[in-house]
Amino acid sequence: MTNKDWLFFNSRDDLLRIDMAEIMYFEADGNYTNIVLSNRTKCTVGMSLGKMEQILSERLKGKVMYFARIGKSYIINLNMVFQINVLKHRLVLSDFHQGTFALELSKDALKRVKELIIQVKI
């Protein structure tokens with residue numbers, strides 16, 4: 001058995017088991033949250049991004065927090081940050097194997113990501 005950190009989401013009809021190391025980002029979609037994985041799989045769960053942030057905080061209690069809420073729409077995996085371009089309002093996430101994801105964010109949000117990465121020293 002591997003020593004992975006799993007997130008479980010159980011609903012009436014589904015059970016999702018997600019390796020937290022594979023999560024690129026979470027994206028708000030109204031009262032739902034889209035979870036985007038490094039292999040480009042996209043899962044939708046029936047909870048707000050705020051509730052997802054709370055679950056991550058509880059699940060990772062006592063561990064280094066590698067997920068950060070960025071603005072109203074995203075929670076990103078700081079381990080996946082490849083490039084921050086403040087002038088172009090672009091954040092590029094990559095797992096360095098399966099591809100990259102570009103997110104359009106405000107300058108303030110991107111500056112916050114830079115500060116977080118320096119603080120956490122990833």
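**View 1. Aromatic pairs in the predicted model.** This is a predicted model, and a search of the whole structure finds 4 aromatic pairs. One of them joins tyrosine 25 and tyrosine 74 edge-to-face, with 5.7 Å from centre to centre and 70° between the planes. This pair links distant parts of the chain, since tyrosine 25 lies in strand S3 and tyrosine 74 in strand S7, 49 residues apart. Both tyrosine 25 and tyrosine 74 are buried. Ring pairs also link Tyr25, Tyr74 and Phe101 into a cluster.

**View 2. The pair of phenylalanine 82 and phenylalanine 96.** Phenylalanine 82 and phenylalanine 96 form an edge-to-face aromatic pair, 5.5 Å centre to centre and with 75° between the planes. Here too the pair links distant parts of the chain: phenylalanine 82 is in strand S8, and phenylalanine 96 is in the loop between S9 and S10, 14 residues apart. Phenylalanine 96 counts as exposed because its relative accessibility is 53%, and exposed means over 50%.

**View 3. The largest nonpolar core.** The largest nonpolar core has 21 residues, and Tyr25, Ile76, Leu91 and Leu93 have the most contacts inside it. Among the elements that give two or more residues to this core are strand S3 (23-29), strand S7 (74-77) and strand S9 (90-94). Helix H2 gives the largest share, 5 residues. Leaving aside residues up to four places away in sequence, isoleucine 76 touches several residues, including Tyr25, Leu91, Leu93 and Val113. A second, separate core has 17 residues, with Ile18, Met20, Leu37 and Met47 among them.

**View 4. The open sheet.** The order of the 5 strands in this open sheet is S5-S4-S3-S7-S6, and the pairing is antiparallel. Strand S5 (42-45) and S6 are the edge strands, each pairing on one side only. On average, neighbouring strands of the sheet are turned by 20° against each other, direction ignored. Helix H2 packs on the sheet and touches S6 and S7; the direction of H2 makes about 160° with that of S6. Within the sheet, S3 and strand S4 (residues 32-37) pair over 6 bridges in the antiparallel sense. Glutamate 27 stands opposite asparagine 34 in S4.

View 5. Asparagine 85 belongs to strand S8 (residues 81-85). Asparagine 85 counts as buried because its relative accessible area is 19%, and buried means under 20%. The side chain of asparagine 85 reaches the backbone nitrogen of lysine 88 at 2.9 Å. Not counting residues up to four places away in sequence, asparagine 85 touches Arg90 and Leu110.

Notes:
Residues numbered from 1 in each chain as written. Predicted model: local features only at pLDDT ≥ 70, side-chain atom pairs only at ≥ 80, totals over all residues. Heavy atoms only, no water. Core = buried A, V, L, I, M, F, W, Y, C linked by side-chain atoms within 4.5 Å. Buried < 20%, exposed > 50% of the residue type's maximum accessible area, 1.4 Å probe, protein only. Helix = DSSP H or I, 4+ residues; strand = E, 2+ residues; numbered from the N terminus. Contact = heavy atoms within 4.5 Å. Polar contact = N/O pair within 3.5 Å; in protein donor to acceptor, adjacent residues only side chain to side chain. Pairing = 2+ DSSP bridges. Axes fitted to C-alpha atoms, helices over the stretch in contact; angles between N-to-C directions. Phe/Tyr/Trp six-rings, centres within 6.5 Å; stacked < 30°, edge-to-face > 60°.
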